[in-house]
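Hi,

Here's the structure I promised to pass on. Have a look first, and my notes on what turned up follow below.

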Amino acid sequence: MLVSLQLGSLISPAYACGCGAMVPSRESQVAVDRETSVVDWDGRTEQIVMRLTVRGNAPEAAWIMPVPHRATVELGDPGLFSELSVLTEPELVTRHYFWPRSHDWPFSGSGNVGDGAAAPSAGAPAVEVVGRERLGPFDVARLAATDPDALQKWLSDNGFELPDRLATALKPYVDQKWEYVAIRLAPRDTGNPLVGTLEPLRLRFASERLVYPMRLSKLASTPQQLGLYVLAAHRMEPSGPIGGDAPEVTYAGRIDPRSVAEDTVYLERLTGGKPVYLTAIEQSFPHPERIDGDHELRAADADTPYRRHVYENELLTVGGVPVWVLSLLGAVLVAVVAAVLLVLLVRRNRRLRTVPPAAAGVR
């Protein structure tokens with residue numbers, strides 16, 4: 001058998017992620033809270049490094065990911081996501097203000113810091129097992145199918161007891177002659193539920209267009225959150241929201257892994273060390289049942305760079321002394337000097353008025 005996961009009839013519903021349909025074991029539940037993927041495309045070959053954050057009480061689970069051409073699968077590098085997170089983090093901008101606020105002295109005494117694949121050959125089987133690998137905690141099967149019903153039967157016969165609606169959702173991929181990566185996640189420490197961030201997987205396949213499979217996520221019963229790091233020759237953007245909120249670009253800029261200040265060993269490994277344009281995209285799907293297609297990403301009109309800013313408000317100081325204090329002291333000093341000069345001027349005028357004119361002419 002390709003996969004030894006015996007599911008029987010599912011009591012809990014199937015949960016989905018952007019990469020495909022996730023199915024927990026019988027009488028257990030698992031949900032994908034967040035899906036973060038790195039997508040690298042050079043115009044001919046696409047690589048997807050996907051990482052899921054899950055919760056639930058399932059000791060093991062499985063999911064299916066459609067791909068437009070035959071894929072190779074291997075474990076991904078967790079450090080890749082840390083590198084990209086550092087590269088795309090918001091820039092800290094300090095904004096100064098003049099007058100003290102509630103948390104500043106003298107009010108509180110605190111500090112100053114504020115707030116399409118190739119057609120199958122004649123006579124090809126309805127379902128073809130392309131390969132099977134064991135990658136860490138993952139049992140991975142690569143499949144090709146020309147009939148959605150045959151694909152559904154094969155999956156059921158080999159341990160994937162999938163709901164009918166998933167077979168219906170798979171039909172567009174079968175019609176386009178896509179292939180599939182079936183993945184079973186069974187940690188070596190048996191009995192422990194799947195929770196937290198899973199190890200990433202890296203898929204590589206030929207593709208003349210940049211596509212990220214999302215259609216199966218419409219089966220999800222909980223809101224979905226997607227984060228994409230897109231590496232390509234230009235700034236990329238989704239062709240549409242595909243049923244979710246408007247995609248938000250959180251970073252855009254050209255990256256040379258060999259010259260950036262940060263350590264980017266994993267990024268260099270993925271891209272071959274070539275300069276790329278990095279676009280970071282966030283999108284929410286509060287109603288996943290509205291998802292109506294896959295993400296097709298295209299070049300933006302211009303390679304306009306963008307970076308988010310995080311603003312920190314700080315009291316304006318000079319040498320650690322608030323400028324408003326110096327200003328008040330300066331104003332007081334000016335007032336004192338002006339008062340002294342006024343007093344001296346008045347006294348001088350009084351002396352001049354008290355001296356007799358004749359006496360003033362005596363030598």
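Before the notes, one term: two residues are in contact when they have heavy atoms within 4.5 Å of each other. Also keep in mind that this is a predicted model.

Let's start with Arg 215, in the loop that runs between strand E13 (210-212) and strand E14 (224-232). Leaving out residues up to four places away in sequence, Arg 215 touches Ala 169, Pro 172, Tyr 173, Gln 176, Ile 291, Asp 292, Gly 293 and Asp 294. Take Asp 294: 79 residues separate it from Arg 215 in sequence, yet their C-alpha atoms are 5.2 Å apart.

Now the inside. The largest nonpolar core has 40 residues, and those touching the most other members are Met 50, Trp 63, Phe 138, Val 181, Ile 183, Leu 201 and Leu 203. There's also a second, separate core of 19 residues, with Val 127, Ala 141, Leu 155 and Tyr 173 among them.

Leu 155 turns up again in helix H2 (residues 148-157), where the buried residues are Pro 148, Leu 151, Trp 154 and Leu 155. Looking down the axis of H2, these fall within an arc of 120 degrees, so they line one face of the helix. Asp 149 and Lys 153, on the other side of H2, are exposed.

Last, the surface. Val 332, Leu 333, Val 336, Val 337, Val 340, Leu 341 and Leu 344 make a nonpolar patch of about 630 Å². Leu 333 belongs to helix H5 (residues 323-354), and its relative accessible area of 55% is why it counts as exposed.

Cheers

Terms used:
Residues numbered from 1 in each chain as written. Predicted model: local features only at pLDDT ≥ 70, side-chain atom pairs only at ≥ 80, totals over all residues. Heavy atoms only, no water. Patch = residues over 30% accessible without salt bridge, like charges linked within 9 Å, V, L, I, M, F, W, Y side chains within 5 Å. Areas by Shrake-Rupley, 256 points an atom, 1.4 Å probe, with all protein chains shown as cover. Salt bridge = Lys/Arg side-chain N within 4 Å of Asp/Glu carboxyl O. Helix = DSSP H or I, 4+ residues; strand = E, 2+ residues; numbered from the N terminus. Buried < 20%, exposed > 50% of the residue type's maximum accessible area, 1.4 Å probe, protein only. Arc of directions from axis to C-beta. Core = buried A, V, L, I, M, F, W, Y, C linked by side-chain atoms within 4.5 Å.
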